[in-house]
Amino acid sequence: MAQIELEGITKRFGKISALNNINLKVEDNEFFVLFGPAGAGKTTLLKTIAGAEFPEEGLVRIDGKIVNHVESKDRNVSMVFENYALYPNLSVYDNIASPMRSKLYKKDEEYIKKAVNKVTEMMKINHLLDRRPSQLSNGQRQRVALGRCLVREPNVFLMDEPLAHLDAKLRHFMRGELKEMQTSINSTTIYVTHDYMEAMSLADRIAVLNHGEIVQIGTAQEMYYTPCNEFVACLFGEPEINLLEGKKCVCSRTGEMSLSIVGSDKALELEADVRNVLAQHGADNIHIGIRGNDIQFAFEDLGDEWIKGSVYANEPIGNKVIMTIMVADKKIAITCPNDTVADMDQDVYIKLNLKKALIFDGNTEEFITRHNIDSFKKQGKGVQ
Amino acid sequence: MEKRKVSIGNILEAIGRNLGLTLFAMFALFPLIWMVICAFKSDAQMYNTVFRFTPTLENFKAVLVGTDYFKAFFQNLIVAGGAVIITVLAGVPCAYALARYNFKKKEDVAFQILSFKFAPEIMVILPIFLIFQKIHLYDTYFGLIWVYQLITMPLLIWVVRGYFEDISVEVEQAAQLDGYAWYEIFLKTLVPLIKPGLVASALLAFIFAWNSFTFPLILSGFKIQTITITALRYIASDTVHYGQVAVASTIAVLPEVIVALFIQKHLVRGLSFGAVKG
Amino acid sequence: MAQLVLKNVFKRYEHQKKNIFEKKKVLDFAVKDVSYTCEDGEFIGILGPSGCGKSTTLRMVAGLESITNGEMYIGDVLINDLLPKDRNIGLAFEDYALYPPLSVYENLAFNMRAKNKSEEEIKQAIDYVAPLMKIDDLLNEKPTGLSGGQKQRVNIARAIVRRPGLLLLDEPLSHLDGKMRQQLRQEIKRMHHEIKCTTIIVTHDQMEAMSLADRIIIMKDGEVQQIGTPLEVYDNPENEFVAGFIGEPPMNLMKSTIVKSDKGFMFTFENSELKVEVPKRYTEVVRDGMKITLGVRPVDVIIAKTPVNSTPVPIAIFENLGDERRISVRVGDMLLSMTTAEDVYYTPGEEVQLIFQEERTHLFDPETGERIRPRGEQ
């Protein structure tokens, strides 16, 4: 149980700066996810908290105490490493028991046995206790590493991509197990992942990192519904959010300001609240972010607001079909029911549900507004 | 599964294979056997047909009784053993540093260490001789052990460094987070992982040191004698006592053979690397 | 252009156990009795977990592995003993294996030069293929400067530049990251649409196979489990393995015992109160006390909005993933998960009633894993 504060953390490897002025406060008992593409500095940040890396500048506080110069063994944290970092010369049992056999966290063998059994049962590796790490599959190794982390009750759990090497099926179930376990864990957890589903599912709050800097901190809902810029919007959701270039124009029918997509002359009507914000916003060049779920399609022209395109690819993936549509040299991915059939280069018409669209500034790629923005900002965690 | 067929082809194959192995064994062992046989021959019969002679212990008597052969044997043991101990104590941390830390010219330093092994001993022996005389290390244990590092250290550092590089840093970090102090991490986590390489290279270092000839020949000889040097004694001005040389050599290889048989398993595995994969 | 036929193909490997005391030859079948026909111009996906024999099958077709038993035909020609170069096959592996000193153009031309094609012909072929794989502006680059995705494009272009009768792709996307993979997937599909060359792709990623292939061959332990279109294998799996392997999130496969009550047959689960009615169409094939595995996809379990006649269960996990929401309940020690794209929110512990989509529930024999079908259904 601990609160973690990072203040102005900067870390360089030679001339490359891996972390750049990171400020972060993780509350007691919070499940905090560090999320971002490869090379964003997530692992380095985690290791800085663990005491395995030392920052050039800035302060690390655990429970208010500055721990910059505290050795990692005395920080009372436990960590899952992405490459597992199991002891190759020890059995699975001894690997998991290891943290409880050091002088610092000494437990008697009876206690160890119980704890190891409990955690291995949860990880479904209790039949592997006598094996060496070299005799395990990657998925099994990862679960051993997770087991070694969870067997203790430290101040902070640090987890670096603990599910990354599992196959899709196992990952789905382990994520569920972790999520269910959260209620019984009485520790702060900092979790690194590049899988947006893990981040959204597990996190109380998420910090999105890119190039060693924090881009946005917020709940999963804020990330998904009100991302601070296009970069964050693209990270959440599958297929990736479509970003369409748009321009302000005047709708001939209503006389109000509306948007038109570059390459199409159809004017798309806006909700009043979006219109007001946009009217005050200077930029003329607008990007419309719209997810695949929020676009309707039809194979015939249904009139106003339906934009013509052609089918670029039609990919069934089981419970749905991802159709990629070319509109004025721009690919738009939409999700369709799983029995959708379409020929390549066939004409198709789409309608954007602008109520769900995110509006970005076309020059800075910063988020401007969306319909009903207040309801997403306020709710936060309360949505659930 | 089908039944195993015993065909003539299979039998011929087995015979051929065994024949080949036998021939190789003879080829490999013959020098040793020859040496042992010589040890039991008298000087008179030395040049007779190989396998027909009257065994005699005369040579053993001449070498062992009333001479300082055993003294030389133990002195050799002290010098070679001492050299290996120093090599392990200094070489393992050195290998660790070369594997783990990044500093300027790291690779140059590493190569420099290895290059000590390239130079023929005879090339450096004269300056060392002069220096040793000046600083009173001539004909001392310490002097020899020190100079033996030239032979033993580079090999060990290079083998063990490779092993350290194979261990991911995260294993050490994990052990730290598990609450172990640095020396515990070193002894409990790292040492078991480098053991095959450490044992193998230490053994090779021992053999090189044990067999060294040039250094003890020039840098010692009065107070300290190694058995490689004592073997020279049997070359008299008029004749070479091959029997006595053979006895001295037979006894001299014993420790190596015993040690090698004992840790044969490590020797093969240790030098073939890649055993650390977790 | 060609049709590929495999008839009862076997591949056997011989291992020798390393033991001085007993020399034992162990025979392992990497591929067992594989038969299928790829029609001319068809896009076939061979799908399976690692070690299922899918790559071995592909390598046998390419002629890189010998066949232990069986026959292979391209068109009407028996190719069992044909050298790889005579089979008119284009091959692209997972590793790019481009010649680093040569430019992209030279890499593409390399093979045709070896066959003494004229420069004009070569240029024509490359000019046709390069835009298909979107590498027309890379032709003068050296491979070292290219990204993984670009290298793989060049690699595939090299395989098709000779216009082979058969194109074989071995995990071509597995080195690439998500976004790149999705893009190249579309390019491959469009390339196939354009040149209509019979194509086989080997992959372990079910989504890749589903989105690319006209028909999928699912393999496990060297044996074919099912052959069918993406929708067929998704909707109508032959056995438990196929059911669990296809689909993300995976199908719920729940051990169950059938109990006859006054309301008819019910599925019951160990350590759970939950009872689910057995769909009418199965009543003839089930009996009281029978053990079965119940398979139902997460999208086919629905949370009732109005009270229905079913046991309420508490929600164990609620995950809001933005595009969809996943809800799981505990059934004994198993997790039953559901997904929905609707904007619904639940809190763990909340009791809900579940509806199983009757026509989309599958029964499997827990011993053999075979599908138990209603009487009269194929």
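Predicted model: local features only at pLDDT ≥ 70, side-chain atom pairs only at ≥ 80, totals over all residues.
Q: Which helix of chain A gives the most to the side of domain 1 that touches domain 2 of chain A?
A: Here 10 residues of domain 1 of chain A are in contact with 16 residues of domain 2 of chain A. On the domain 1 side, the biggest giver supplies three residues, and that is helix 7 of chain A.

Q: How many residues of the side of domain 1 of chain A that touches domain 2 of chain A are polar?
A: Sort that side by class and you get three nonpolar and three charged residues. The polar ones number four.

Q: How far apart are the C-alpha centres of domain 1 and domain 2 of chain C?
A: Chain C has a domain 1 at 4-245 and a domain 2 at 252-372. Seven residues of domain 1 of chain C are in contact with eight residues of domain 2 of chain C. The C-alpha centres of these two domains of chain C lie apart by 39 Å.

Q: Which helix of chain A gives the most to the side of chain A that touches chain C?
A: The contact draws 29 residues from chain A and 33 residues from chain C. Elements of chain A that each supply at least two residues include helix 6 (196-202) and strand 16 (307-316). The top contribution is seven residues, from helix 5 of chain A.

Q: What percentage of residues 73-263 of chain B is helix?
A: An unreviewed UniProt entry lists this stretch of chain B as "domain: ABC transmembrane type-1". Its end C-alpha atoms are 22 Å apart.

Q: Why is helix 8 of chain B described as roughly antiparallel to helix 11 of chain B?
A: Helix 8 (residues 182-211) and helix 11 (residues 242-262) of chain B pack with their axes 11 Å apart, at an angle of about 175°. That angle makes helix 8 of chain B roughly antiparallel to helix 11 of chain B, because angles over 145 degrees count as roughly antiparallel.

Q: How many residues in the contact of helix 8 with helix 11 of chain B are nonpolar?
A: Helix 8 of chain B brings B:Leu203, B:Phe206, B:Ile207 and B:Trp210, which meet B:Pro255, B:Glu256, B:Val259 and B:Ala260 in helix 11 of chain B. By class there is one charged residue and no polar one, and the nonpolar residues number seven.

Terms used. Residues numbered from 1 in each chain as written. Chains lettered and ligands numbered in written order. Domains from an automatic or database assignment. Contact = placed C-beta atoms within 7 Å. UniProt positions renumbered as here; feature names shortened; annotations may be inferred. Helix = DSSP H or I, 4+ residues; strand = E, 2+ residues; numbered from the N terminus. Nonpolar A, V, L, I, M, F, W, Y, C, P; charged D, E, K, R; others polar. Axes fitted to C-alpha atoms, helices over the stretch in contact; angles between N-to-C directions. Parallel < 35°, antiparallel > 145°, perpendicular 65-115°, else oblique.
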